[in-house]
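Here's a quick tour for anyone meeting this structure for the first time. Have a look at the model, then follow the notes below.

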Amino acid sequence: MISRIAAAGLLVLASVAGCGKKESSTPDGASTSAEPAVAEAGKQPAATVDGARIAAIDNEPAVWLSTGRNYGDQRFSPLDKINDQNVSKLGLAWTYKVDVDRGAEATPLVVDGVMYTTGAYSILYALDARTGKELWKYDPEVPRAKSGNACCDVVNRGVAISKGRVFLAAFDGRLIALDAKDGKKIWEVSAADGSGRTFALTGAPIAIKDMVVIGSGGAEFNARGYVSAFDAADGKLKWRWYVVPGDPTKPQEQPELEKALATWKGKKWAEQGGGGTVWNSFSYDPEANLLYFGTGNGVSWNRIERGEPTDADNLFISSLVALKADTGEYAWHYQEVPGDNWDYDATANIVLADLEIGGKPRKVLLHAPKNAFFYVLDRITGELLSAEKYTHATWATKVDLKTGRPVVDQKVADWTKEPKLVIPGPFGAHNWHPMSFSPKTGLVYIPVQDAASLLSPHKEVAFDNREGVWNIGLDLPYPEDAKAAAEAAASYKGRLLAWDPVNQKKVWAQEYPNIWNGGTMVTAGNLVFQGTADGRFVAYSADKGEKLWEAPANSGVLAGAMTYELDGEQYVTVMAGWGGVFPLIGGVISNNAKVRPEARVITFKLGATGSLPPPKHDVVPVPELQEVKADAKTLAKGEQLFGNNCSYCHGLNAVGGGIIPDLRYLTPEKHEMFAGIVAGAKADRGMPSFAGRLMPEDIEAIRQYVIKQSQTLKSQLPAAPAS
Ligand code: CA
């Protein structure tokens, strides 16, 4: 039996996994540095960084001033005190427990002995980089009721720093400037354009010259994507660049949008927003003064629902874009997925490098998006130089270098008439988890995954333009049968891939049993660091891929690592914290990873001997079950409604992924409160209100379906779990 998971409503998130208990910065016997703490809050030097210093980062190996370390987002460190000869002596120096045990996706920054990083709900931490001692903390108090305004967890990918200020993009759409000394707020603006469309921020801003630039999220809802540049001094908007056209009956905001209008057909898209959100990261070439970013899918994923006829390219969705940084004027674009029908977002991090190609030095842009092709472009002109598959993909056979377009195999890829198993699926062959590039080895280190998805046409076309309502325009069926589900889950594999971008070929790979492994960082010590979905932090030799060291992380690791040096000592830091869209929606698969969402900053150095506290084992017995009191028709309705409204957070087939409550474990007391919770009684804990979207009989049908799934779970368990 196939569970029909339709898509129109939003999700549910019952209570947030909670503000975890405060953990001391050096818990559980973790060793501390002999150095004294940097300074008290308010007295340390204040992020004495500007764009020129970031642009000259190669001269300063010790610091990490922007999320990708350099403006080219290479995530390469010239530090080599920790190297392939001594990495086996790497030990835990300190840890810092963040407040919320949800996905941790930030790459910390370090300057002047202070580490700046973020956790879930955009909470910002300034820590003594030697000891992990908290210097200050800033909680933007994101309204938990807004938790449903992003597809993919209440995450944050880090901050930007410039001229004594830290810039935070809060989940609810505010851009906030804080004093780096003490975390005092200097200014706060909304980065949204006031259109009232769904808007959320999860990406890190970038600081360039006197500006701070941020994108937008929400293309699984009803968003129109754009990028905004604000004056770092006072938060005034300097320019805004829209990714897709607006109301076609009115003049467009930018000249290139007048041309882009011809690539949109039908009438629905303008009202729906069009999509193309810039939800991840930026890169910048200071010499060319060009700003680079990738754009997301259209609204909805389903091109039929954007408007027929369906052969339209829909510029500038799923594209790489370069803008003139000072003015936000269009420089060039390259559309990776014309008319994207598969949620193939072009939003993976963009690496800038100087390579010799065909005997000539070229300034290139390297990109490995969800669609499984590795692209090399001239970053000044936008010319496509090469594109090859970096892993298995069925949706297209190749990219035609003459036209620059993918040769789509519609027999395999067009799911709009009948369900198709498409590779890769919407989780992507490489999602946002940052890849890195080493100028020493010339290789790119990509967190790759094989994750097919069965995409299925919508039973009923329904678009709901309200804030926070899902509109992906298709069904994601998943096998209900335990054996079939296990087989599907087993097909999901991860891989760390070392890729030669000049010759477009694999150099080495390390295989993982799960997808959703962490971003990578590479160093001049011939080391690649990567955290894993199954809760480890691992170092490999960068040239050959030999595994040299690993340490437990107690939780799945998504984020990219970073490294810095203080007082002659090199440190390596990564944020651990399982979360993101995969465990939210895909618990039925991701439970394989068997890790819990404990979120913390973890820092290593040579010779340290600390250890993490024992990982959480929250084995919960299935509580006393209620009787299913609904007929088959009502259960089928409940199943459909669950898929439409609840599965994005509580999981396909109601199988939770350990991030937020698995509804199959609801106690009788919670069942009593069920209707109230769905209607908003726990909005302050992160469970959005469905009042007005679901009628009481709908909610009861969902509840009956949940009880049925609890019964199924209990029947599958070998025996009563140990208490
Ligand atoms: Ca997307």
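Let's begin with Ser-438, which lies in the loop between β27 and β28 (444-450). Helices here are DSSP runs of H or I with at least four residues, strands are runs of E with at least two, and both are numbered from the N terminus. Keep in mind that this is a predicted model: local features need pLDDT of at least 70, side-chain atom pairs count only at pLDDT 80 or more, and totals for chains, interfaces and linings use all residues. Residues are numbered from 1 along each chain as its sequence is written, and side-chain values use heavy atoms, with hydrogens and water left out.

**Around Ser-438**

- Is Ser-438 buried or exposed? Ser-438 counts as buried, at 1% relative accessibility. (Buried means under 20% relative accessible area, exposed means over 50%, and partly exposed is in between, using a 1.4 Å probe and protein chains only.)
- A polar atom of the Ser-438 side chain lies 3.1 Å from the backbone nitrogen of Thr-441.
- Setting aside neighbours within four places in sequence, Ser-438 is in contact (heavy atoms within 4.5 Å) with Phe-76, Leu-443, Tyr-445 and Val-522.

**Aromatic rings**

- Rings of Phe, Tyr and Trp (its six-membered ring) pair if their centres lie within 6.5 Å; planes under 30 degrees apart count as stacked, over 60 as edge-to-face, and the rest as tilted.
- By this rule the count comes to 36 aromatic pairs.
- One of them joins Phe-373 and Tyr-375, a tilted pair with 6.4 Å centre to centre and 50° between the planes. Both Phe-373 and Tyr-375 are buried.
- Tyr-445 is buried, and so is Trp-508.
- Ring pairs also link Tyr-334, Trp-342, Tyr-344, Phe-373, Tyr-375 and Trp-395 into a cluster.

**Charges over rings**

- A charge sits over a ring if NZ of Lys or CZ of Arg is within 6 Å of the ring centre and within 35 degrees of the ring normal.
- The charged end of Arg-144 sits over the Tyr-121 ring, 3.7 Å from its centre.
- Arg-224 lies over the face of Tyr-242, at 3.9 Å from the ring centre.

**The calcium ion**

- Which protein atoms are the donors of the calcium ion? They are Glu-220 (OE), Asn-297 (OD1), Asp-343 (OD), Asp-345 (OD) and Asp-345 (OD), lying 2.3 to 2.8 Å from the ion.
- Donors are N, O and S atoms within 2.8 Å of the metal (3.2 Å for Na, K and Ca), and since water is not among the atoms, sites may look incomplete.
- Along the chain, the donors follow the spacing E-x76-N-x45-D-x1-D.
- Asp-343 is buried, with a relative accessible area of 5%, and Asp-345 is buried too, with 3%.

- Most residues other than glycine have a negative phi, and most peptide bonds are trans.
- The peptide bond from Leu-315 to Phe-316 is cis, with omega near 5°; Phe-316 lies in the loop between α4 (303-306) and β18 (319-324).
- Another cis bond runs from Ile-423 to Pro-424, with omega near -5°, and Pro-424 is found in the loop between β26 (420-422) and β27 (436-437).
- Asp-112 isn't a glycine, yet its phi is positive, near 55°. Asp-112 sits in the loop between β4 (109-111) and β5 (114-118) and counts as partly exposed, at 24% relative accessibility.
- Ala-654 isn't a glycine either, and has a positive phi of about 65°. Ala-654 lies in the loop between α10 (647-650) and α11 (668-681) and is buried, with a relative accessible area of 1%.

- Asp-313 has its place in the loop between α4 and β18.
- Asp-313 and Gln-335 are 22 residues apart in sequence and 8.5 Å apart in space, C-alpha to C-alpha.
- Not counting residues up to four places away in sequence, Asp-313 touches Thr-263, Gln-335, Pro-338, Gly-339 and Arg-405.

How values were computed: A polar contact is a pair of N or O atoms within 3.5 Å; within protein, one must be able to donate a hydrogen and the other to accept it, and residues adjacent in sequence count only if both atoms are side-chain atoms.
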